[in-house]
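Try each task before you read its solution.

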Amino acid sequence: MSLKETYNELQLKSDELKKELDLIDQRMIDLQKQIHLIELNPHFLETEVEPLYELLWKSQMDYKKHQTELNTLSLQLQQFTHVLSELTHCVSK
């Protein structure tokens, strides 16, 4: 695999992770809205919101996991870009 192919693959993976983070973020917002609406009722039952809180917690864990992956990937891309820049500079001399 060439350096350009490797870079493109890393960039594609980064884009996919960003999209996944956006989806998870939207899911968490929707869950929070649902929880809020249920809790507006002064007679709501814990059993009504408990599954939503569990889903929210799982979504938060997924978000953190994907965010960590994206941070790692971003660092790899920065290092890769630096190496490519150095190589290009050396070749142009």
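**Exercise 1.** Is Leu 84 buried, partly exposed or exposed?

*Solution.* Start with the ground rules. This is a predicted model, in which local features need pLDDT of at least 70 and side-chain atom pairs count only at pLDDT 80 or more, while totals for chains, interfaces and linings use all residues. Residues are numbered from 1 along each chain as its sequence is written, and side-chain values use heavy atoms, with hydrogens and water left out.

Next, recall the classes: buried means under 20% relative accessible area, exposed means over 50%, and partly exposed is in between (1.4 Å probe, protein chains only). Leu 84 has a relative accessible area of 26%, so Leu 84 is partly exposed.

Helices here are DSSP runs (H or I, at least four residues), numbered from the N terminus.

**Exercise 2.** Classify Leu 73 and Gln 60 by their relative accessibility.

*Solution.* Both residues can be located first: Leu 73 is in helix α2, and Gln 60 is in helix α2 too. Leu 73 has 5% relative accessibility, so Leu 73 counts as buried. Gln 60 has 29%, so Gln 60 counts as partly exposed.

Now look along the chain. Leu 73 and Leu 10 are 63 residues apart, yet their C-alpha atoms are separated by 7.1 Å. Gln 60 and Arg 27 are 33 residues apart, with 9.7 Å between their C-alpha atoms.

**Exercise 3.** How are helices α1 and α2 oriented to each other?

*Solution.* Begin with the angle: α1 (residues 3-40) and α2 pack at about 160 degrees, and their axes are 8 Å apart. The axes are lines fitted to C-alpha atoms over the stretch in contact, and angles run from 0 to 180 degrees between N-to-C directions. Angles over 145 degrees count as roughly antiparallel. Therefore α1 and α2 are roughly antiparallel to each other.

**Exercise 4.** Where is Glu 39 found, and how many residues separate Glu 39 from Lys 13 in sequence?

*Solution.* Take the location first: Glu 39 is found in helix α1. Then count along the sequence: Glu 39 and Lys 13 are 26 residues apart, and the spacing in space is 39 Å, C-alpha to C-alpha. As for accessibility, Glu 39 has 32%, so Glu 39 counts as partly exposed.

Notes. Helices (H or I, at least four residues) and strands (E, at least two) are DSSP runs, numbered from the N terminus. Angles under 35 degrees count as roughly parallel, over 145 as roughly antiparallel, 65 to 115 as roughly perpendicular and the rest as oblique.
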